[in-house]
Amino acid sequence: MTPKTTSRARARLRLTVLATAPVLLLTAACGSGDDSAGGAGKNDEIASVPETTTASPSPRNDTAPSTRPAGKSAFYDAQMDYVRCMRVKGGYQDFPDPKLSGHLDWGKVEEISSRPGQMEAAKGGKNGVCVDELQKVMLAEPKRDQQKDYESMLAHAKCMRDNGVSRFTNPTMSGGNAQPGGDPNPASPTIDHDSPAYKQAREACRTKLLDGLDGMQ
């Protein structure tokens with residue numbers, strides 16, 4: 001595995017870790033190798049939901065767009081505060097604006113965090129300088145339909161396998177929360193996220209993921 005592959009895999013792992021942050025933060029406040037081999041044989045049925053381990057994340061500029069999404073202003077504004085912090089304090093001047101939905105473009109965040117020495121782009125800035133802003137984003141995010149999130153990630157996982165990434169695992173459910181699938185061992189990746197085959201599959205399957213899930217699996 002190349003250093004670049006390891007870097008991107010760790011960045012993706014940190015994105016997944018961020019998904020568990022709302023629970024951890026609330027508690028504190030109160031107290032990718034060969035992508036064409038291997039077995040994928042997971043249940044592709046959507047009706048029955050299996051049990052096992054993450055919830056959903058989100059984050060966001062010096063200059064806010066002239067309009068903001070109706071009905072999601074608190075979430076969107078929190079995202080903008082986070083992006084400003086990441087650009088000014090976090091050291092990432094090219095940190096992306098949020099989408100109009102309020103969710104961050106995790107593809108761009110992952111691209112930034114894959115650069116040498118810039119892993120902090122996926123975890124709240126250098127030394128966690130923007131973690132407080134990230135916590136506010138997570139608290140402001142509109143409640144998600146976990147069943148729909150699960151079904152979306154399941155369809156995406158199946159699509160990835162159908163497009164040649166045979167080791168891509170299914171999502172699961174734990175405590176009523178949808179948990180992302182993907183690399184069977186993110187800590188020691190077996191899927192090469194930089195391979196042409198993986199990138200082609202990712203592009204072919206990107207529409208399977210609901211907004212806000214694009215950095216989850």
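This is a predicted model: local features need pLDDT of at least 70, side-chain atom pairs count only at pLDDT 80 or more; totals for chains, interfaces and linings use all residues.
1. Helix pair. Helix α3, residues 73-88, packs with helix α5, residues 131-140. The angle between them is about 165°, and their axes are 8 Å apart. Angles over 145 degrees count as roughly antiparallel, and α3 and α5 are therefore roughly antiparallel to each other. The crossing of α3 past α5 is left-handed.

2. Residues at the contact. From α3, the residues that meet α5 are Ala74, Phe75, Ala78, Gln79, Asp81, Tyr82 and Cys85. On the α5 side they are Glu133, Leu134, Lys136, Val137 and Ala140. Sorted by class, the contact of α3 with α5 has eight nonpolar residues, three charged and one polar.

3. Disulfide count and pattern. The model has two disulfides. With bonded cysteines counted along the chain, the pattern is 1-2, 3-4.

4. Cys85 to Cys130. This disulfide has an S to S distance of 2.1 Å. The torsion about the S-S bond of Cys85 and Cys130 is about -95°, so the disulfide is left-handed. Cys85 sits in helix α3, while Cys130 is in the loop between α4 (106-113) and α5. The two cysteines are 45 residues apart, and the pair links distant parts of the chain. Cys85 is also among the α3 residues that meet α5.

5. Burial of the Cys85 to Cys130 pair. The cut-off for buried is under 20% relative accessible area. Cys85 has a relative accessible area of 6% and is therefore buried. For Cys130 the value is 0%, so Cys130 is buried as well.

6. Cys159 to Cys205. The S to S distance in this disulfide is 2.0 Å. The S-S torsion of Cys159 and Cys205 is about -85°, so this disulfide is left-handed. Cys159 lies in helix α6 (residues 146-162) and Cys205 in helix α7 (residues 196-205), so the bond ties together parts that are 46 residues apart in sequence.

7. Burial of the Cys159 to Cys205 pair. Cys159 is buried, because its relative accessible area is 11%. Cys205 has a relative accessible area of 0% and is therefore buried.

Definitions and conventions
Residues are numbered from 1 along each chain as its sequence is written. Side-chain values use heavy atoms; hydrogens and water are left out. Axes are lines fitted to C-alpha atoms, for helices over the stretch in contact, and angles run from 0 to 180 degrees between N-to-C directions. Helices (H or I, at least four residues) and strands (E, at least two) are DSSP runs, numbered from the N terminus. Angles under 35 degrees count as roughly parallel, over 145 as roughly antiparallel, 65 to 115 as roughly perpendicular and the rest as oblique. A crossing is left-handed if the near helix is turned anticlockwise from the far one by less than a right angle, and right-handed if clockwise. Contact means heavy atoms within 4.5 Å. Ala, Val, Leu, Ile, Met, Phe, Trp, Tyr, Cys and Pro count as nonpolar, Asp, Glu, Lys and Arg as charged, and the others, Gly among them, as polar. A disulfide is a pair of cysteine sulfur atoms within 2.5 Å. Buried means under 20% relative accessible area, exposed over 50%, partly exposed in between (1.4 Å probe, protein chains only).
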